[in-house]
Amino acid sequence: MIEQLPVLVIVIPLMAAPLFILIGNRKLVLLLTQLVCWTVFGIAVTLLSRMQDGPISYELGGWPSPYGIVYTVDYLSSFVMLFVSGLGAIVITYAPQSIKKEVHQSKHTLFYASYLLCMTGLLGMCITGDLFNVFVFLEISSLSSYALISLGKTRRAPLAALHYLIIGTVGATFFLIGIGLLYQMTGTLNMADIAARIQPIDHSRTLLVAFAFMTVGLFIKMAVFPLHTWLPNAYTYAPSVVTCFIAATATKVSVYAFIRLIYVIFTPQFAFERLPLDQALMAFSLVGIFVASAAAIYQTNIKRLLAYSSVAQIGYMLLGISMSNVGGLTAGITHMFNHALIKGGLFMVVGCFALRIGSVKLDDLRGAGKTMPLTSFAWVVGGLGLIGLPMTAGFVSKWLLLTSALSLGLWPVAVLMLLSSLLAVVYIWRVVEILYFSPPSHLAQSAKEAPMAMLIPTYVVIGSTIVFGCWTVYSAGIAHAAAQSLLGISQAGGVQ
Amino acid sequence: MNSFPIIRVITKLLIPYILLFGLYVQFHGDFGPGGGFQAGVIFAAALILYGLVYGLPAVHKVAPPKVIEKLTALGLLVYAGTGLVCMLLGGNFLDYDLLNHGVLTELPAAFDFLPGDKPHHFLPEGQHLGIFLVELGVGITVTAVMTMIFYAFAGRERVTS
């Protein structure tokens, strides 16, 4: 059974979702969702623990690669799967009360089914070694996340979901056009096979156009600065649980796909030496970090504030990727993990506020530090992680990024990074001030502390940002191994 | 549409052929052009035509929204279940070679009196059976989803309770 694990990680949630619709019993479905999520997390942990024996590949239907679809598990994909499934499991453990309040009862079964489908799609994008399969899983995760976002309570939720659907579909279509062109060039869809067949020195215009389409398509999905407009509304109006899960995982998996695209298929020589993508990425990232952080400062809705902060944080990941050395790539991958924890945790805190106060407007949160001390403290700890204070996870990735930038002699980038952290201080502090040092609002005055069933998962995630800030064997360590193997592969690709 | 007798009569005449053609495309798909998706769309087209001409309550009686909702899930389960069975039989996911059963795969001798060429496969097995089941799953889901979309657009109220 152990050799079937790479496919079970996809098949279990994929089959559970339709099963839920046949069962239709809300309580049973909730229980099964949690069971499925934790099982998948267990499988992801097992897969990662077997990585020192080398990458695993699994042939679907017994068809050998490159003819059939292959699932490949290596350090990078198992690492991303680990935090996607882990956060998926923790968020769904935290979810029941929040969902009860924010989602109409008749939709609960469908909600859980969509949740699992979304997770299936995200995990599938990580594990598959087939380019067209990436597109299929991208669509599975996107379509289910549109559905999840539209379940929000306000009437603006469906509108935000529609906006995301239109822009997201443009992104997915661009990606598909790129795949089509690559397929036309190489006659194969297997990623390793494509990498072996395209000549990086080839001056083919088709290759350039394919690369451009795929990059822009993924930029939309990642919400890179000028293409991020769908994200703030989608995060703001979605149910809190959905925001927790999607904010923590969805954009990171797109970043993962982007890393694969550059480092495995097209090779950094093509992307960064023939094309000036590294400078472009650096410029987009830095402008994005500043503009989005500045926008976050002026928000009056705490979810929207965090959404803009997410746009800024994607910038740090891309900054690392654009450096194209082991240090930078390690920093980018570590930041994917750390930011997933930090942002997941902070949105879980917001979910607690939404449950007890019934609003996520900063005005209504005034003085909640007195009535909801534990929840508010979790915000402070998570916020420190977002700023990047030493001993928190955010510090680790920013430190790696900083040392990598300095080793490349990119002084301006290092200085700008430090300045941008100050902007994070401003928007986190603004909320802290409102929570602790403002006269309480009516809603906050009558609020109770969040229930333990939600506080414990929140503290597990928030606590882990501290743990991974002090102890980096399993975050930066694995990211380092992943970065090394990626650059190794790309060097081999360059020789061919 | 009560005042258009020609449309009503023609519809009633057409629907059986549309359904039959859907079945043809479905079962032809494992050897020739066709398959579950196309068959599903054709099959749903018959239901939608019925709904357009005779009204939503009539088509709801034939294909209740609740049943259709379950069917969307059932099709996917048939597909993934086929893969799972292959896995339980000891192969990889969707490795149809494991579905060889050897039961009645050739026409029994008792039917030798039939004129003409004998079919090579009586009961499908292996890759053939696998594709057949998977396409069946696709057909069920596509029929159900197309009908659901029609219900969602045609009905003002929510489709499911």
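The contact takes 15 residues from chain A and 18 residues from chain B, two residues being in contact if their C-beta atoms, placed from the backbone, lie within 7 Å. On the side of chain A that touches chain B, helix H1 (5–23) and strand E1 (56–59) each supply at least two residues, and the largest share, 8 residues, comes from H1(A). Helices (H or I, at least four residues) and strands (E, at least two) are DSSP runs, numbered from the N terminus. By class, this side of chain A divides into 10 nonpolar, 4 polar and 1 charged residues, where Ala, Val, Leu, Ile, Met, Phe, Trp, Tyr, Cys and Pro count as nonpolar, Asp, Glu, Lys and Arg as charged, and the others, Gly among them, as polar.

The model is predicted, and local features need pLDDT of at least 70, side-chain atom pairs count only at pLDDT 80 or more, and totals for chains, interfaces and linings use all residues. Residues are numbered from 1 along each chain as its sequence is written, while chains are lettered from A and ligands numbered from 1 in the order in which they are written.

Chain A has an average pLDDT (the predictor's confidence in each residue, from 0 to 100) of 89, and 97% of the residues score at least 70. Where pLDDT is low, the predicted coordinates should not be read in detail.

Within chain A, helix H2 (residues 26–49) and helix H3 (residues 75–94) pack at an angle of about 155 degrees, with their axes 8 Å apart; axes are lines fitted to C-alpha atoms, for helices over the stretch in contact, and angles run from 0 to 180 degrees between N-to-C directions. H2(A) is therefore roughly antiparallel to H3(A), a term for angles over 145 degrees. The crossing of H2(A) and H3(A) is left-handed, meaning that the near helix is turned anticlockwise from the far one by less than a right angle. Residues of H2(A) including A:Cys37, A:Trp38 and A:Phe41 meet residues of H3(A) including A:Phe79, A:Leu82 and A:Gly86. This contact has 13 nonpolar, 7 polar and no charged residues.

In chain B, helix H4 (residues 65–88) packs with helix H5 (residues 126–154) at about 155 degrees, their axes lying 8 Å apart, and H4(B) and H5(B) are therefore roughly antiparallel. H4(B) passes H5(B) in a left-handed crossing, and their contact comprises 16 nonpolar, 7 polar and 1 charged residues.

Notes
Parallel < 35°, antiparallel > 145°, perpendicular 65-115°, else oblique.
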